[in-house]
Amino acid sequence: MYVHGPNPPYDWTGRYVDGPALSRVVHLPVVAGSLDDLTGTGTVAVPAGRWRLGDPLRIALADSTEVSLRVVAVVDDQIDLARTLLLPAALLTGHTGAPLADLVYLDLEPGADTGPATAAAAAGGGTLMPTAQFHATLDAEGDRLNTLATVALLGMALLYTAIGIANTLLMATSGRARDVAVLRLSGATPAQVLRTIGAEAVLVTALGAVLAVVAVVPAVAGLVLALRVRNPDVLLAVPWWPLAAIAGTCLAIALAASLIPAAVLVRRQPADLASTWE
């Protein structure tokens, strides 16, 4: 839906709910008004920070119908209700082609028979599950979508990064003919030269990883602190295996791009290398 204001209309998400019954199954931090007043077709509950109790609000529903509503409840800012309006269920009638609810919260007595609820859910194409399992399912789906988005956004960037690493080290090592000549004329064996160049590649990769951590940590720490203002239970989960795989891949590319041209150089006579122009 679209919310009208001083600027061009901006899109929000609308959730149609049974206001008086909502507080019995979902605990929302209402800071002004009451969800019991979320009835009829002219009321709305809003997140804190934009409107006050009693303010008028004009929106365009999903079918482009424009309605004028009155704020009857203000809910404290929540991550899962960001840019979300709570609308009375009666307002849904006539404005959607799918009038059935997509989510029903039940407050059952301990030990109650769940058979009738399970049958009712199945008849509507739904599934009855405990709250913890429901949130776990949502989290799993969110993780899957986040993973797909990460692969789509960063996959190409990582590919070009790998090409950049290989190209830079390949050219740098190929241009070090005189350095290799100095090592060889100083008595170093080809194996020792290769080990030296390999150690340099490992050092460069490690330095790059350290700099990456230094660049990322402040941004991630700031994001975690900002999220904890809204939800103190926010935890930082570091994907160690993907990070280790990326670092290992970069190291393998750096070693290959350094050792392959170095192996070609050490096969030449040191005197010939010493006369090579940089």
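**Exercise 1.** What is the accessible surface of the chain, and what share of it belongs to carbon and sulfur atoms?

*Solution.* The model is a predicted one. Its chain has an accessible surface of about 18,100 Å². Carbon and sulfur atoms hold 64% of that area. As for burial, 21% of the 278 residues count as buried, the cut-off being under 20% relative accessible area.

**Exercise 2.** Compare the radius of gyration of the chain with that of a compact globule of 278 residues.

*Solution.* Start with the reference: a compact globule of 278 residues would have a radius of gyration near 19 Å. The chain itself has 31 Å. Next, take the box filled by the C-alpha atoms along the principal axes, which is roughly 95 × 50 × 35 Å. Then turn to the contacts with a separation of 6 or more: 71% of them are between residues 24 or more positions apart. The secondary structure in this chain consists of seven helices and eight strands.

**Exercise 3.** Locate the mean positions of the positive and negative charges relative to each other.

*Solution.* Count 16 positive and 22 negative charges in the chain.

**Exercise 4.** Which residues of helix 4 are buried, and why do they lie on the same side of helix 4?

*Solution.* Helix 4 covers residues 177–185, and its buried residues are A177, V180 and A181. These residues lie on the same side of helix 4 because they cover an arc of only 105 degrees around the axis. In general, an α-helix has 3.6 residues a turn, so residues three or four places apart point the same way. After helix 4 comes G187, with a positive phi near 110 degrees.

Technical notes:
Residues numbered from 1 in each chain as written. Predicted model: local features only at pLDDT ≥ 70, side-chain atom pairs only at ≥ 80, totals over all residues. Heavy atoms only, no water. Helix = DSSP H or I, 4+ residues; strand = E, 2+ residues; numbered from the N terminus. Rg over C-alpha atoms; globule rule 2.2 N^0.38 Å. Buried < 20%, exposed > 50% of the residue type's maximum accessible area, 1.4 Å probe, protein only. Contact = heavy atoms within 4.5 Å. Areas by Shrake-Rupley, 256 points an atom, 1.4 Å probe, with all protein chains shown as cover. Lys, Arg positive; Asp, Glu negative; His and termini not counted. Charge placed at Lys NZ, Arg CZ, Asp CG, Glu CD. Arc of directions from axis to C-beta.
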